[in-house]
Amino acid sequence: MILCTECYIQRDGQTLMLHRNKKADDINQGKWIGVGGKFEPGESPEQCLIREVQEETGLTVTDFQLRGIVTFVTTDDSSDPMLIFIYTASGFTGELSLTCSEGTLQWVETNQICDLDLWEGDRLFWNWMQNSSALFSARFTYHGGVLTHHEVTHYATS
């Protein structure tokens with residue numbers, strides 16, 4: 001299983017999104033996603049989050065919250081499943097980088113995120129995050145880029 005983080009940095013009614021439009025043979029080609037990436041050996045989810053956000057954006061997140069965990073499975077190839085820790089961040093320092101090797105970074109009005117070309121599962125968990133503070137765990141199964149099945153558990157917050 002591949003371990004990853006994904007972060008949605010938010011400020012003043014906007015969310016920083018990454019349009020994946022630069023890499024050949026990218027499973028996310030053309031999609032809009034949060035920033036993040038794969039764990040390095042020995043990293044905690046939070047260490048991976050901070051490192052990946054800094055590498056991709058130039059920003060250092062200072063106030064972030066784990067919102068959910070997603071298992072992403074594809075049934076049409078031999079790709080390993082991905083376990084993705086989903087975060088939102090409301091605090092950061094630094095200046096946004098004008099270049100990112102993964103794609104184009106853009107601040108998007110938060111209420112317009114679902115108008116973008118998102119993975120169908122991302123659209124589901126985006127709505128969960130907008131409508132609840134509860135932590136979620138979800139499993140999304142895709143075949144040919146189409147969501148074929150999903151399961152979710154929402155955990156009560158204290």
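With a relative accessibility of 17%, Gln14 counts as buried, because the term applies to residues under 20%. This residue belongs to strand E2, which covers residues 14-19. The structure under discussion is a predicted model. Once neighbours within four places in sequence are left aside, the residues in contact with Gln14 are Ile9, Trp107, Val108, Glu109 and Thr110.

The view may now be widened to the chain. Its secondary structure consists of two helices and nine strands. The C-alpha trace spans about 45 × 40 × 35 Å along its principal axes. Among contacts with a separation of 6 or more, 64% are made by residues 24 or more positions apart.

The division between interior and surface comes next. Of the 158 residues in the chain, 47% are buried. The accessible surface comes to about 8,200 Å², and carbon and sulfur atoms account for 48% of that area. In soluble globular proteins, nonpolar side chains tend to be buried together. In this model, the largest nonpolar core has 42 residues, and Cys7, Ile9 and Phe125 have the most contacts inside it. Strand E6, residues 82-93, supplies the largest share of this core, with seven residues. Ile9, named here for its contacts within the core, is also one of the residues in contact with Gln14.

Phe125 leads the reader to a helix. Not counting residues up to four places away in sequence, Phe125 touches Glu6, Tyr8, Val70, Ile86, Phe136 and Phe140. It is one of the buried residues of helix H2, together with Gly121, Asp122, Trp126, Trp128 and Met129. Where do these buried residues lie when H2 is seen down its axis? They fall within an arc of 160°, so they line one face of the helix. Helix H2 itself runs over residues 120-131, twelve residues in total. From its first C-alpha to its last it reaches 17 Å, close to the 16 Å expected at 1.5 Å a residue.

Methods
Residues are numbered from 1 along each chain as its sequence is written. This is a predicted model: local features need pLDDT of at least 70, side-chain atom pairs count only at pLDDT 80 or more; totals for chains, interfaces and linings use all residues. Side-chain values use heavy atoms; hydrogens and water are left out. Helices (H or I, at least four residues) and strands (E, at least two) are DSSP runs, numbered from the N terminus. The expected span of a helix is 1.5 Å times one less than its number of residues. Buried means under 20% relative accessible area, exposed over 50%, partly exposed in between (1.4 Å probe, protein chains only). The arc is that of the directions from the helix axis to the C-beta atoms. Contact means heavy atoms within 4.5 Å. Accessible areas come from the Shrake-Rupley method with a 1.4 Å probe; for residues, only the protein chains shown count as cover. A nonpolar core is a set of buried Ala, Val, Leu, Ile, Met, Phe, Trp, Tyr and Cys residues joined through side-chain atoms within 4.5 Å.
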